[in-house]
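Have a look at the model first, then read on.

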Amino acid sequence: CMVIITLAMILKTIILLLLHTTLINATTSSSIPSSQLRRKMTTAAAQVDPSIYGKSGDISKHLEGVKKQYDTQNKIEFYKQVMGDGTANIHFGKWDNVDLDQEGAYGKASEQMTDYMFQLVSGLCDCEGDFKYVDLGSGTGAAALRLVKMHPHIKHATCLNLCDEQNALATKEAAEAGLASRIEVVTGTYEDAPLEDDKYDACFSQDAFVHAFEKKQAFKEAFRITKPGGAFVWCDLMCGSGEGVSDEELQTFAATNMVNDWLSPEENVAACQAVGWEDVKFVDLTADIRISFQLMLKKVEKILADGNPAGIDEKLLASYKTNLGNRITQVDRGVFKWGVVHAKKPATK
């Protein structure tokens, strides 16, 4: 009988300990903001399923993945046809007063977004005199080419970009436009920029920071290379917080699109502030990204209907046709936000 009583007491103690541990874990989880939980879960997923999340946590693999996503002739041609309307401007668009049925509508909206962002730069810092700016993650250099052509006061634009094929195209386009003396193309990453301190009047980035391995480090480097009193203006996809959006869905998008540090607009603003930027604001343009996805889908469908005259990989087109349809519904459900973050560097250190 004594043995039975002792065993019962031990069993009761074990059950109480398990219940206590469960309550502690539940309390701890409920006290962590959902965005932090999301990142913790993403990290766990990277450890559990390396076939999907293996690039996360390894910056060299991450950078190679980004190159593969953009830096092949097939991908360059795809983005040129689908986003650039035959131009090199492969950015999401700002659709104010753009006729969606007009030929070249997407290219016009892309350029309008570039112009809008530079207007923000002009409102934040002195753009007169020998104005210098850097485009971080410049892609094919289309934004710099446009802005330097339009604004004679831009003495020098640096295009900092990871991808060799894109950089070769940017260099070629600048030379053919007679702008080689005003546009410099530099190969490197915006998280370890091979650029001098306090060099630029403004840092500019259009649809590139989504691939940052660590956002705060990218924002810190932008702060370092910007002159006191200079501006920081960038736009990109950001993590949404819609009702019913699962952590698994967010993780899957991040893992398959080379997104290692998936932050909400509020978290991006906080990360900018943490490294020294002031007057940091987010302009929500999510309605525009939905139209961009719609027009991209329409363009893919047209390319397929026309027999794919540019010879883009058929599997790539089919994959994007499916993915773009999903992106539209994901915007509606709040999976994504898209917009501009702008800020100033204090005038004195």
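1. A word on terms before we start: a helix axis here is a line fitted to C-alpha atoms over the stretch in contact, and angles between N-to-C directions run from 0 to 180 degrees. Please keep in mind that this is a predicted model.

2. Let's begin with a pair of helices. Helix α4 (residues 59-70) packs against helix α5 (residues 73-82) at an angle of about 60 degrees, and their axes are 6 Å apart. That angle makes α4 oblique to α5.

3. Which residues bring α4 and α5 together? From α4 come K68, Q69 and Y70, and they meet K75, I76 and Y79 of α5. Sorted by class, this contact has three nonpolar, one polar and two charged residues.

4. Now look at α4 on its own. Its twelve residues reach 17 Å from first C-alpha to last, close to the 16 Å expected at 1.5 Å a residue. The buried residues of α4 are H62, L63, G65, V66, Q69 and Y70. Because they cover an arc of only 155 degrees around the axis, they sit on the same side of α4. Their cover includes α5, α8 (164-176) and α10 (247-256).

5. Finally, visit V335, in the loop between α13 (314-333) and β7 (336-344). Is V335 buried or exposed? V335 has 1% relative accessibility, so it counts as buried, the cut-off being under 20%. Leaving out residues up to four places away in sequence, V335 touches M238, C239, G240, V245, E249, L250 and Q330. V335 and L250 are 85 residues apart in sequence, yet 7.2 Å apart in space, C-alpha to C-alpha.

Technical notes: Residues numbered from 1 in each chain as written. Predicted model: local features only at pLDDT ≥ 70, side-chain atom pairs only at ≥ 80, totals over all residues. Heavy atoms only, no water. Helix = DSSP H or I, 4+ residues; strand = E, 2+ residues; numbered from the N terminus. Parallel < 35°, antiparallel > 145°, perpendicular 65-115°, else oblique. Contact = heavy atoms within 4.5 Å. Nonpolar A, V, L, I, M, F, W, Y, C, P; charged D, E, K, R; others polar. Expected span 1.5 Å × (residues − 1). Buried < 20%, exposed > 50% of the residue type's maximum accessible area, 1.4 Å probe, protein only. Arc of directions from axis to C-beta.
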